[in-house]
Amino acid sequence: MAQGLDALTREELVGLLEITAKDLIALDGTWFQSLEREQGMDTAMEHDRAAWRRFVPSEARRLKKLLGLSDRCGLEGLAEALPLRCTSLANEWEILWEDDGAALVFRITDCRVQNARARKGMEFHPCKSVGELEYAGFAAALDDRIHCECVSCFPDVTDNTCNCAWRFWVEG
């Protein structure tokens, strides 16, 4: 399955990974915008949520296996896995710890999706409803004790220093 990768240097592999992540985001945006044009934003968002709802648990399982994370990996495991998500590899982000390590905030500080829509003169993608199931689903697939809440995400922006922000904590 990895034919051709053996010939690449580490630097080339990292570059390929970045390209692939950007390509996945572009592919996601391409099908979304096609559906948005033909059937409207509400229908496109319904399909977007359905796609991410199915994709996120698979992505989490693969990263969990790659990183050797336990079923109770907690916020530390989440902090290892979040940077390796395809959306993280394609965007600029940061992780902040709050409450003496009892909570983690993941912030997308430069979003390819919103940047592309702005360049095209389109309204921002109303991604909060997708993000809620995406980030909560990813965290729960890593460790079912992890909970997630939206801090800021379009259209409910409360922090203008980032595109979106998600707060995670462990219960139980």
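Colleague: Why are helices H3 and H6 called oblique to each other?

Modeller: Keep in mind that this is a predicted model. The axes of H3 (residues 74-81) and H6 (residues 128-142) cross at roughly 120°. Roughly perpendicular stops at 115 degrees and roughly antiparallel needs over 145, so an angle between those two limits counts as oblique. H3 and H6 are therefore an oblique pair.

Colleague: Which way does H3 pass H6, left-handed or right-handed?

Modeller: H3 passes H6 in a right-handed crossing.

Colleague: What makes up the contact between H3 and H6?

Modeller: H3 brings Gly 77, Leu 78 and Ala 81, and H6 brings Phe 138, Ala 139 and Leu 142. By class, that gives five nonpolar residues, one polar and no charged.

Colleague: OK, next pair. What makes H1 oblique to H5?

Modeller: Their axes come within 10 Å and cross at roughly 50°. That makes H1 oblique to H5, because roughly parallel means under 35 degrees and roughly perpendicular begins at 65.

Colleague: What is the hand of that crossing, and who touches whom?

Modeller: H1 passes H5 in a right-handed crossing. Lys 22, Ile 25, Phe 32, Gln 33 and Glu 36 of H1 meet Arg 112, Val 113 and Arg 117 of H5. By class, there are three nonpolar residues, one polar and four charged.

Colleague: How do you know which residues are the charged ones there?

Modeller: Asp, Glu, Lys and Arg count as charged, so you can pick out Lys 22, Glu 36, Arg 112 and Arg 117.

Colleague: Now the pockets. What is the volume of the largest pocket, and what lies nearest its centre?

Modeller: The largest pocket has a volume of about 610 Å³. It is lined by 32 residues, with Ile 25, Asp 28, Cys 111, Arg 112 and Val 113 nearest its centre. The lining splits into 14 nonpolar, ten polar and eight charged residues.

Colleague: Which element gives the largest share of that lining?

Modeller: That's H1, with eight residues.

Colleague: And what about the second largest pocket?

Modeller: That one holds about 420 Å³ of space. It has 14 lining residues, and Leu 17, Leu 24, Leu 84, Cys 86 and Leu 89 are the closest to its centre. H1, H2 and H4 each supply at least two residues of its lining. In this lining, ten residues are nonpolar, one is polar and three are charged.

Conventions: Residues numbered from 1 in each chain as written. Predicted model: local features only at pLDDT ≥ 70, side-chain atom pairs only at ≥ 80, totals over all residues. Heavy atoms only, no water. Axes fitted to C-alpha atoms, helices over the stretch in contact; angles between N-to-C directions. Helix = DSSP H or I, 4+ residues; strand = E, 2+ residues; numbered from the N terminus. Left-handed = near helix turned anticlockwise from the far one by under 90°. Contact = heavy atoms within 4.5 Å. 1 Å grid on protein atoms, 1.4 Å probe; cavity = no way out; pocket = protein on both sides within 12 Å on 5 of 7 lines; lining within 4 Å. Points joined across faces, edges and corners; volume = space filled by probe spheres on them.
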